[in-house]
Amino acid sequence: MPSDRYKFCNHRFVEIDNYGERLIGCVEGNRWTWRASKQPIELPEDDLKALKESRKEAALGGSS
Ligand SMILES: [Zn+2]
C-alpha cells in the first residue's frame, strides 16, 4: 500500500502550514492530520478555499 495515499481517499498527501502548525492531508477531501492529533480534522471552508487559491497561484507562478 503506497504510503503517500491518505486512507480516506485516493488523493495524494499534501503538506500545509496552518497558522504555524504543519498539517498533512488532502485538499479535495478536506481531511488533515497533525502530530498532536490521531483523529483527522477538517479545515473551515474559508481556510480550505484560501489554501486552494494559494496552491493554484503557486502552481501558476511556479519557478519564475
Ligand atoms: Zn482526497
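Two residues are in contact if their C-beta atoms, placed from the backbone, lie within 7 Å. The structure is a predicted model, in which local features need pLDDT of at least 70 and side-chain atom pairs count only at pLDDT 80 or more, while totals for chains, interfaces and linings use all residues. Residues are numbered from 1 along each chain as its sequence is written.

Helices (H or I, at least four residues) and strands (E, at least two) are DSSP runs, numbered from the N terminus, and two strands pair if DSSP finds at least two bridges between them. An open sheet of 4 strands was found, with the order S1-S2-S3-S4 and antiparallel pairing. Strands S1 and S4 (37-41) stand at the edges with a single partner strand each, so one side of each has no neighbour in the sheet. Strand S1 (residues 14-18) is joined to strand S2 (residues 21-26) by 5 bridges, and aspartate 17 has arginine 22 in S2 as its bridge partner. The hairpin formed by S1 and S2 leaves 2 residues between them, and tyrosine 19 in the turn has a positive phi of about 50°. Strand S3 (residues 31-34) is joined to S4 by 2 bridges; tryptophan 34 has serine 37 in S4 as its bridge partner.

Glutamate 15 lies in strand S1. Glutamate 15 counts as exposed because it has 9 C-beta neighbours inside 10 Å (buried means 20 or more other C-beta atoms within 10 Å of the residue's own, exposed 12 or fewer, and partly exposed in between, with C-beta atoms placed from the backbone). Residues up to four places away in sequence not being counted, glutamate 15 touches Arg22 and Ile24.
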